[in-house]
Amino acid sequence: MQDGLIDFFEVFPWNPNFETRISEVDEQHKQLVHLLNQLAAHFAHRSEPLKLNEVFTELANYADFHFQSEEKIWQPYFDDDLWFTSHQQVHRSFMESVIRIREQEESKSLDEIVGDLLKFLTRWLAFHILDSDMRMAKTIDAIRSGLSLEQAKLRADQEMGGSMQVLIETVLTMYDTLSSRTLDLMREKIERQKTELELKQEKEKVEQAHQEISVFKKLADASGQGICMLALNKDICYLNPALQKILAMDEQESLLQTCFTRFYPEATARQVDDTVFPEVMKNGNWTGELSILTSCGQTIPTIENYFLIHDAHGDPLYLGIVITDISENKRMLDALTDARNQAEQASNTKSAFLANMSHEIRTPLNAIIGMTHLMLNEAEPGAKRKDQLTKVLNSGQHLLSLINDILDISKIDAGKLIIEAIPFCLNSIPSNVVSMFKEQAEKKKLAINVEQEDRLFSVIGDPTRLTQILINLVGNAVKFTANGFISVRIILLTEDEDNLMFRIEVQDTGMGISPEMQIRLFDEFEQADSKTTRQFGGSGLGLAVCKRLVKAMNGEIGLESRLYHGSKFWFELTFQKSKDEVNPSLQQDKLKIVDKTEMRKYFGTHVLLVEDDPINCEVAQGLLNQAGLVVTTTNNGANAVRFIKNYAKDVDLILMDIQMPIMDGLEATRRIRQLEQGKEIPIIAMTANAFIENQEACFLAGMNDFVSKPVDVNHLYATLSSWLPEQGVELDNSNLQNFSINASTETAHQLNHQQLNQIYELLSPENGFNRAYALRLLQGDLTMYIRLLNNFISTHGQAADKLKIMLEQQKITDMQNLAHTLKGSAGSLGLSQTQAAVTEIELHLKTENAAQQIEADLSELAASISCVAEVIKQMPDTEQTQAKKVDSDIKPDSMQTLLTALQHADADAYQLMNQSREQLNDLLGEQAMSVINDIESFNYPAAAQTLKKVIDSLNKK
């Protein structure tokens, strides 16, 4: 209902009582009812006569269709029975009645005709369905149950009598009333519409009486722009609503006869008086940007168009001004500028994110691959363990390949991929790539070869990216070829004075690729078959990277393949000729394999390893120690600079991470290069930031070379061999075995056979140790391990009691933090029972109502820590621990000696710190570890500052 008038009439609401249970008949009845209601609705809405006729014709046609359909249903059951022929006659009489009503158009209005039709159709349809069709349907239902026609008719008559007959009469009476009332409502609506039309016409007459208002004001009132009319003395004669809104004024009456320049800031008002008005009076108009003041004191920018309004004689009568608020335009412009800046920032952020993601992913992956490599090189691992470790290493390298593909896609999308242009010998590239897959192909009994001309081609391009493309294509060929051959061909297509164009093909006898898959094979994450990933692995990125790399080098890539008949992948590239001939043998030398055995000639050379991640530090240190190098470690660039200031003569090479706290590797390199003693020391970047721009930044900072993480051991050793001085001494195997691989302490204590046996027994699983991990952690430096265990007990010896107090005080978050720290420390030292107890505590902290379990866990934790303390007491003494026991009662003047050494950056400070460790703990308490850490990381000034405060405090006492 809208504005008190009914918009829709339903003269025949459908009711379940109308259902005959013959679906086809019921659906057609519903459609007839729908068309009847639709006719009433159009009549109620005063539709055009044409539309009414269309709906009526549709209703009549559908009724005829319905009657024919019904007769086809009744015919098989009734044949020429009287009921059937009577039913046919009813249908014919319906159509005759409708035609007769329609023929009254000349004597009756359309409203009257439609009203008659609605009354007739409503009653006829209700009676026809409820009495006639329902009776026929019940007869058919009885016949289907096994009765004869006469018996079925008798049953139908019985069912249609009594209460059913009452229902029929009730419904017919109700629908008669509904139809009649509906027509009354229609007539009421028509009358209302007539009245409204008359009122509307009267209103238009009243409005016409106000046409004395000027054309200018009429246009102004309707305008969305601010418009005002001024007298020639600039007094306001009229302001339209839009301008009132701009000026934040409620009414214009109070503004009339006042000077419009009051709405300008002082400087703008002077501009209007001195420039705008004179120009308007001279030229008839002026357009420009001005600032305007609102009644609230807000200044808004506007575009204003001044013009003269003339009288009938052409003389100036008024000044008109059209004022457009451009605040939103300004805001949009500012927003667009901000959006552009944000887009540029987003691009920069994306680049930074890619670099950071590269670092964050490669850092743990470096640990996985590096640790696995170290474990593979341990003494004589069992066949099963070696196979397991090899699988881990292969999986890590596969993951690295996937990450490289993803990063390559991201770099290309971000426009960060740089294609090099350096001289190289094209002939050597396919041979080198094929050699990488030779062993893999031989295992599958595949023939793999290179077909190319004997002529050497020296070209300028990017050999690394070319190699990457061929590795992808040859690797796929080996992966997807079960038997037969793989051939790599280099075909010279064209040659001119400056350029050479080649077609490079990789052909195999593998499974082939269907035509529909070939269309999207070079798209990201697409593979030739849905089973491919499960059977062969792979991400579906390799070919996408190939396509983008070829495109970046202005080439084309494609394939020729038939399912089960092999594939031929090809790409075409044009290279500039190199003026210098490149010897392929020299190029091959750069790819030579350097293993730890060949690194023996550098044995004893000293490397400063600058790495903040402890796991990566351990990995790199292990790889360097396996090659016989002495390694000093520090965890930030500032410490590295301080170390070089004092010990540059002892350092042969620096391995420098890039992203570190306090001072990053680039800044540290720049500062080292500023030192006289640091100008010549080779500095090699070792970082997970592997983008070309990261490499360039390293070289600009003064670094000599670049090794990316995860570290390829062969590449690491090859790079080191390029920069290390060959000053080491040849050692036999026994010397290598006894050499301590951890040179980060001043003394690398070597263990005798009796001590090793004693340690092995003490580090038993019964005592709560992971013996294999702990022995690997020792690496021959018993002093460091005992110190770390002592530190653990001094720091966490009372951890169980602390956790119990926190539990009583319901400080669950504090418990979680302490447990997390404790678990990490215990795990790093191979304290398996302690780590297991803390793991249980963490698990139960996440469980509701687990206080009893946590108390039991705390008892287990206390017992495990106590066992560790007992093991420490039984550890064999070393030179340093003995010295520490003898000198444990150091006098206060020893602290002054240590302070003096720190203030003068004396290397003896480290030894003095080890000798006075217990006294430092007694004097400094919680600050002791801070001082010790500063000394171990060569941050002598910070350690001196802390120690001096304590000594000064003692002297005052």
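Helices here (H or I, at least four residues) and strands (E, at least two) are DSSP runs, numbered from the N terminus. The model is predicted, so local features need pLDDT of at least 70 and side-chain atom pairs count only at pLDDT 80 or more, while totals for chains, interfaces and linings use all residues. Residues are numbered from 1 along each chain as its sequence is written, and side-chain values use heavy atoms, with hydrogens and water left out.

View 1. Q810 sits in the loop between α28 and α29 (812–828). With a relative accessible area of 57%, Q810 is exposed (buried means under 20% relative accessible area, exposed over 50%, partly exposed in between, with a 1.4 Å probe and protein chains only). Phi of Q810 is positive, near 60 degrees, in a residue other than glycine. As background, most residues other than glycine have a negative phi.

View 2. Helix α28 (residues 799–808) packs against helix α31 (residues 851–874) at an angle of about 165 degrees, and their axes are 8 Å apart. For these values, axes are lines fitted to C-alpha atoms, for helices over the stretch in contact, and angles run from 0 to 180 degrees between N-to-C directions. That makes α28 and α31 roughly antiparallel to each other (angles under 35 degrees count as roughly parallel, over 145 as roughly antiparallel, 65 to 115 as roughly perpendicular and the rest as oblique). The pass of α28 by α31 is a left-handed crossing, a label used if the near helix is turned anticlockwise from the far one by less than a right angle, with right-handed used if clockwise. Now for the other partner: helix α30 (residues 832–845) and α31 cross at roughly 160 degrees, and their axes come within 8 Å. So α30 and α31 are roughly antiparallel to each other, and their crossing is left-handed.

View 3. Buried in α3 are W83, F84, H87, H91, F94, S97, V98 and I101. They cover an arc of only 140 degrees around the axis, which puts them on the same side of α3. At the N-terminal end, D81 does the capping, with a side-chain oxygen 2.9 Å from the backbone nitrogen of W83.

**View 4. Helix α20 and its buried N639.** Most of α20 is covered, with eight of its 11 residues buried: G637, A638, N639, A640, V641, F643, I644 and Y647. N639 belongs to this helix (residues 637–647) and, at 2% relative accessibility, counts as buried. The N639 side chain makes a polar contact with the side chain of R642 (2.6 Å). A polar contact here is a pair of N or O atoms within 3.5 Å; within protein, one must be able to donate a hydrogen and the other to accept it, and residues adjacent in sequence count only if both atoms are side-chain atoms. At the start of α20, a side-chain oxygen of N636 comes to within 2.9 Å of the backbone nitrogen of A638.

View 5. K444 is partly exposed, with a relative accessible area of 30%, whereas K445 is exposed at 74%. K445 has a positive phi, near 60 degrees, and is a residue other than glycine. Across from K444, N483 is 39 residues apart along the chain, with 7.1 Å between the two C-alpha atoms.

View 6. You'll find I662 in the loop between β15 (653–656) and α21 (665–674). At 73% relative accessibility, I662 counts as exposed. I662 and N635 are 27 residues apart in sequence and 9.4 Å apart in space, C-alpha to C-alpha.

Technical notes:
The arc is that of the directions from the helix axis to the C-beta atoms.
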